[in-house]
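Welcome! Please take a moment to look at the sequence and the 3D picture below, and then read on for a short briefing.

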Amino acid sequence: MTPDQISGFFDFGESFVEGTIAAALVVLWVLVLGLHIGRPYMVQSTEKFTLRLGADLWWIIYVGLRDIFVVQVFLGSFIFFYPDVVSGMDLPITGSLAAVCAFAVMLIKLTTRNDGDRDWFRWQALLLGLGALLYLGPYIIGVQATLLTGERIDVIMPVLVTSRNTDLALPLCYLSAAAVGVMGIAAVIYNLRQAAVRRPKAA
């Protein structure tokens with residue numbers, strides 16, 4: 001194989017992986033939002049178990065899957081923090097803002113009582129709903145419309161796709177990365193403080 005063929009092969013592989021992640025995030029966002037909204041049903045389902053062990057296992061599995069999917073959404077959204085990917089791929093233009101919403105939910109889960117605080121749980125649901133809207137809207141209307149033609153599509157689609165609107169996509173990329181960085185620093189500080197509080201005092 002020639003150097004050009006090898007370079008083209010790796011470029012194709014990179015584009016394939018990034019496109020697959022972008023498509024998988026559609027399913028992950030729907031799952032995360034559905035699992036959080038379905039919490040009342042899950043709570044009612046625990047009352048149907050005759051054994052406490054079964055109810056506990058059901059609840060542990062539900063909470064574990066729900067939170068793992070949130071982490072997966074954020075990890076998959078890391079592609080929106082790479083300027084070269086954002087400018088070179090057809091991605092939803094507000095995908096980086098959706099990633100910020102996912103990380104904000106993770107921060108809330110870390111610093112609050114999670115399900116034990118109704119108000120903060122509502123904030124989680126609102127942030128996930130906003131994140132899903134910011135991702136699914138531009139993906140369906142913009143990215144999936146790249147193969148269509150028409151006067152209205154030709155006007156709307158470029159605005160919603162990162163590679164067609166880099167003047168907006170790149171600033172959002174940098175802004176979102178900064179927001180996640182600030183929240184990450186807050187999470188580290190919180191963990192350090194919690195470790196200091198729980199450290200047993202020397203006799």
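Which residues in H2 meet which residues in H3? Arg39, Met42, Val43, Ser45 and Thr46 in H2 meet Ala55, Trp58, Trp59, Tyr62 and Arg66 in H3. Before going further, please note that this is a predicted model, in which local features need pLDDT of at least 70 and side-chain atom pairs count only at pLDDT 80 or more, while totals for chains, interfaces and linings use all residues. Residues are numbered from 1 along each chain as its sequence is written, and side-chain values use heavy atoms, with hydrogens and water left out.

**How H2 and H3 pack**

- Two packed helices are described by the angle between their axes and the distance between the axes.
- Helix H2 (residues 39–46) and H3 pack at an angle of about 160 degrees, and their axes are 9 Å apart. Here axes are lines fitted to C-alpha atoms, for helices over the stretch in contact, and angles run from 0 to 180 degrees between N-to-C directions.
- That angle makes H2 roughly antiparallel to H3 (angles over 145 degrees count as roughly antiparallel, under 35 as roughly parallel, 65 to 115 as roughly perpendicular and the rest as oblique).
- The contact of H2 with H3 (heavy atoms within 4.5 Å) has 6 nonpolar, 2 polar and 2 charged residues. In these classes, Ala, Val, Leu, Ile, Met, Phe, Trp, Tyr, Cys and Pro count as nonpolar, Asp, Glu, Lys and Arg as charged, and the others, Gly among them, as polar.
- Helices are DSSP runs (H or I, at least four residues), numbered from the N terminus.

**How H5 and H6 pack**

- Helix H5 (residues 95–111) and helix H6 (residues 118–141) have axes 8 Å apart and pack at an angle of about 165 degrees.
- H5 and H6 are therefore roughly antiparallel to each other, and their crossing is left-handed.
- Residues making this contact include Gly95, Leu97 and Ala98 of H5 and Trp120, Trp123 and Gln124 of H6.
- By class, the contact of H5 with H6 has 13 nonpolar, 3 polar and 1 charged residues.

**Salt bridges**

- The count comes to 4 salt bridges (a side-chain nitrogen of Lys or Arg within 4 Å of a carboxyl oxygen of Asp or Glu).
- Lysine 109 and aspartate 67 form one of them, at 2.9 Å from N to O. This pair links distant parts of the chain, with lysine 109 in helix H5 and aspartate 67 in helix H3 (residues 52–76), 42 residues apart.
- Lysine 109 counts as buried, at 14% relative accessibility (buried means under 20% relative accessible area, exposed over 50%, partly exposed in between, with a 1.4 Å probe and protein chains only).
- Arginine 66 also forms a salt bridge with aspartate 67, with the closest N and O atoms 3.3 Å apart. Arginine 66 is buried, at 0% relative accessibility.
- Arginine 164 pairs with aspartate 90, their closest N and O atoms being 3.9 Å apart. Arginine 164 lies in the loop between H7 and H8 and aspartate 90 in the loop between H4 and H5, so the pair ties together parts 74 residues apart in sequence.
- Shared partners join Arg66, Asp67 and Lys109 into one network.

**A look at serine 87**

- Serine 87 sits in helix H4 and is partly exposed, at 31% relative accessibility.
- Serine 87 and serine 163 are 76 residues apart in sequence, yet 4.6 Å apart in space, C-alpha to C-alpha.

Technical notes:
Helix = DSSP H or I, 4+ residues; strand = E, 2+ residues; numbered from the N terminus. Left-handed = near helix turned anticlockwise from the far one by under 90°.
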